[in-house]
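Here are my notes on this one, as numbered points. Have the coordinates open while you read.

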Amino acid sequence: MYEGYGVDEVRTPLEQFGEALRDARELRPAGKLSQTELARRAKTSKSTISRIERAVPPTSSHLPALFDQIFETDGLFKRLYEEVVAQTFPALYRRRMALEREAIAVWEWSPTIVPGLFQTGGYARALFRNGDRRASEEEISASVGSRLARQDLLRGAAPPDVQLVLCESVIRNRIGSPAVMKDQLAALLDIGARPTARVQVLPLDAEPHLLNDGAITFLTSPSHVTVACVEAFRTAAIIEESQHVRAALRGYDELTSEALSKRESAALIREQMETL
């Protein structure tokens with residue numbers, strides 16, 4: 001336990017991560033590792049290891065997996081890091097993040113922007129910068145890092161089934177520089193090409209539908225229970241009542257049937273990339 005912690009004091013996830021790293025390094029069965037040696041094995045700097053152990057953010061998203069590999073901790077640091085990331089989000093979003101991490105299916109509809117789970121770093125940075133012009137570069141970088149860390153679930157051994165429907169305006173509305181937007185569109189093509197994913201574009205002239213008024217995300221748990229997550233400015237809600245979720249799912253089915261096919265959507269995205 002860190003010096004200065006009282007018996008009843010509650011440690012933050014970042015402090016727990018730092019303490020776990022220090023313990024793993026110092027109590028390693030094969031022999032203690034110095035911070036310098038751990039840094040060498042993790043291909044990072046001694047100052048980074050020291051900063052993590054002192055619970056000073058940020059922590060690079062690629063390091064937890066390396067720590068688990070080095071110390072053979074069977075996902076311990078990955079799980080601790082997920083809690084660290086969760087704490088960077090406002091309280092009203094944390095349960096949604098927890099549900100998202102465990103989901104076996106993620107279905108999204110967005111009429112305005114590419115949803116956070118599918119954003120590139122450049123796209124996310126442009127959104128954060130325009131959303132808070134007084135934020136420091138360090139604050140922006142931390143926010144971008146937290147957003148990108150969510151995408152680890154898409155790269156795992158058993159990624160969730162993904163369905164993403166975007167309004168045509170999302171791919172035509174340029175966020176950031178042309179290069180940033182082009183990279184984002186390329187990322188959407190990459191996601192759509194995966195065997196467990198489908199990306200569709202809803203044409204601007206599509207018929208009105210139940211979900212016209214905002215974005216929605218459906219998350220299905222391993223026990224096959226689906227909830228609907230909705231967001232507005234500084235507010236978020238998780239809809240769990242089965243009748244309301246079923247109604248929203250019917251609206252989503254209408255969206256997917258009205259949207260361009262997966263192949264047609266990819267062609268439209270490529271066409272838009274060529275204009276940038």
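1. Let's start with I191, which belongs to helix α10, spanning residues 178-192. Keep in mind that we're looking at a predicted model.

2. Is I191 buried or exposed? Its relative accessible area comes out at 6%, and the cut-off for buried is under 20%, so I191 counts as buried.

3. Which residues does I191 touch, once those up to four places away in sequence are set aside? F118, A197 and V199. As for T220, it sits 29 residues from I191 in sequence, and the C-alpha atoms of the two are 19 Å apart in space.

4. Zooming out to the helix: α10 lies across two strands, β2 (161-167) and β3. Its direction makes an angle of about 130° with β3.

5. Now the sheet. It's an open one built from six strands, with mixed pairing, and the order reads β3-β2-β1-β4-β5-β6. The edges are taken by β3 (197-202) and β6 (235-239); each has a single partner strand, so one side of each is left without a neighbour in the sheet. On average, neighbouring strands here are turned by 15° against each other, if you ignore direction.

6. Last, the β6 end of the sheet. How do β5 and β6 pair? Antiparallel, over five bridges, with β5 covering residues 226-232. If you want a specific pair to look at, take A232, whose bridge partner in β6 is T235.

Definitions and conventions: Residues numbered from 1 in each chain as written. Predicted model: local features only at pLDDT ≥ 70, side-chain atom pairs only at ≥ 80, totals over all residues. Heavy atoms only, no water. Helix = DSSP H or I, 4+ residues; strand = E, 2+ residues; numbered from the N terminus. Buried < 20%, exposed > 50% of the residue type's maximum accessible area, 1.4 Å probe, protein only. Contact = heavy atoms within 4.5 Å. Pairing = 2+ DSSP bridges. Axes fitted to C-alpha atoms, helices over the stretch in contact; angles between N-to-C directions.
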